[in-house]
Amino acid sequence: MNLFDLCQAIGRGIGKGIKWLVNGLGEMIRLSFRQWWIVLIFVALCLAAALYYSREDNRKYEVDAIAMLNGVTNEMVRAEFDRLSKSIHLFDHQNLSTLLGIDAELAKLNNRFETFDVIDLWADTTIDMVDYERSVPRMDTLYVRVPNMVALRFRTETPNRVPEMEKAILTYLNSRPYFQTLFENYHADVERSARFHSDQIEKLDSLTTLFYYAQNANEQMQMRVWENGMILGRREVGLFLKDVYIEMKEKELATARLAVCTAPVVLQSHFVVNPNAVNGPLKMSALSILVGWLIGLIFAALVENRKQILAWLRA
């Protein structure tokens, strides 16, 4: 078999597959028409169950936020936050109410605590996307994962009490003893860095002023004890502006880090509730109609072929 024969075989296979799907869909439609009352019953039952499940007081919403990490690593925060999803109401020391310090009723209405990578596609310190679909392999080096950021998400049935959950989650994360130790060391380093760059700017500015006023621009012959030899001709005075600008940029970055360095885990903004419910009525109704139709087809096929099935069982 050459490449042309292989392509022909693949084409024939795809054609047969499409034909099988079309014929199968046709048989399902014909069966639905013959046994419409059975199919309709199951569609109606599933639709009623979906509408009950998606009632207003039972709707679930996704809540998202991006956390900035000070001293602690991405993996540490992921491990602690994912631990909330493993909380069990059977054990007092490992239930959500105890871990977060909230009442049991609120704890039962919040679940699915997940973390996601924050992606910087161009390595320019700007967030380009959050990998909510987990489509980016963690070993793929083409994508830059922001090491000091992580996206947090959980589901809630009480969107009005999200601020209470936010406070409890931050208290839980920032109260970890080893988080506090790492944060204190990191805060001291950031504070020292900001102070160092500020001092360097002042030193460079003073040095520029000294060199500028110490030279006489009208002198054609200059000689200074701190230089090697003698210079003839006009001497140009160079300023340290480039170095000053570099230090100002570094100071700006260090000051920005210091401004948000108030706790091991700090939210970039408050938790935001997605207004589209996970189990919204339209979504659940469409899904229930499809599921009800498939279940109805199964029972319709059993009813239509009941004699053959009984004969096979008795054989």
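How are α1 and α9 oriented to each other?

## Two helices and their packing

In this predicted model, α1 and α9 are roughly perpendicular to each other, since they pack at an angle of about 70°, with their axes 10 Å apart. From α1, the residues that make the contact are Leu25, Met28, Leu31, Ser32 and Arg34, and from α9 they are Trp293, Leu294, Leu297, Ala300, Ala301 and Glu304. Sorted by class, the contact of α1 with α9 has 8 nonpolar residues, 1 polar residue and 2 charged residues.

Helix α9, which covers residues 281-304, also meets helix α10, residues 306-314, and there the two axes come within 4 Å and cross at roughly 70°.

## Overall make-up and confidence

The protein chain has 315 residues, of which 33% are buried, and its secondary structure comes to 10 helices and 10 strands. When contacts between residues at least 6 apart in sequence are considered, 77% of them join residues that are at least 24 apart.

The mean pLDDT of the chain is 85, and 87% of its residues reach 70 or more. Among the elements of the chain, the lowest mean pLDDT, 48, belongs to strand β7 (residues 221-222), whereas the highest, 95, belongs to strand β10 (residues 272-273). Over residues 217-221 the pLDDT stays under 50, and for this stretch the model has 11 contacts beyond four places in sequence.

## Strands and their pairing

An open sheet is formed by 3 strands in the order β4-β3-β5, with antiparallel pairing. Its edge strands are β4 (129-130) and β5 (144-145), each of which pairs on one side only. Strand β3, residues 118-120, runs antiparallel to β5 and is joined to β5 by 2 bridges; Ile119 stands opposite Arg145 in β5.

Another pairing involves strand β2 and strand β6 (residues 149-156), which run antiparallel and are joined by 5 bridges. Thr115 has Leu152 in β6 as its bridge partner. Strand β2, residues 110-116, is mostly covered, with 5 of its 7 residues buried.

## Two residues in contrasting surroundings

Gln35 lies in the loop between α1 (3-34) and α2 (36-53). Its relative accessibility is 13%, so Gln35 counts as buried, the cut-off for that class being under 20%. Leaving aside residues up to four places away in sequence, Gln35 touches Ala300, Val303 and Glu304.

Ala259, by contrast, is exposed, because its relative accessible area is 58% and the class begins over 50%. This residue, Ala259, lies in helix α8, which covers residues 241-260. Between the C-alpha atoms of Ala259 and Glu191, which are 68 residues apart along the chain, the separation is 9.7 Å.

Technical notes
Residues are numbered from 1 along each chain as its sequence is written. This is a predicted model: local features need pLDDT of at least 70, side-chain atom pairs count only at pLDDT 80 or more; totals for chains, interfaces and linings use all residues. Side-chain values use heavy atoms; hydrogens and water are left out. Two strands pair if DSSP finds at least two bridges between them. Axes are lines fitted to C-alpha atoms, for helices over the stretch in contact, and angles run from 0 to 180 degrees between N-to-C directions. pLDDT is the predictor's confidence in each residue, from 0 to 100. Contact means heavy atoms within 4.5 Å. Buried means under 20% relative accessible area, exposed over 50%, partly exposed in between (1.4 Å probe, protein chains only). Angles under 35 degrees count as roughly parallel, over 145 as roughly antiparallel, 65 to 115 as roughly perpendicular and the rest as oblique. Ala, Val, Leu, Ile, Met, Phe, Trp, Tyr, Cys and Pro count as nonpolar, Asp, Glu, Lys and Arg as charged, and the others, Gly among them, as polar.
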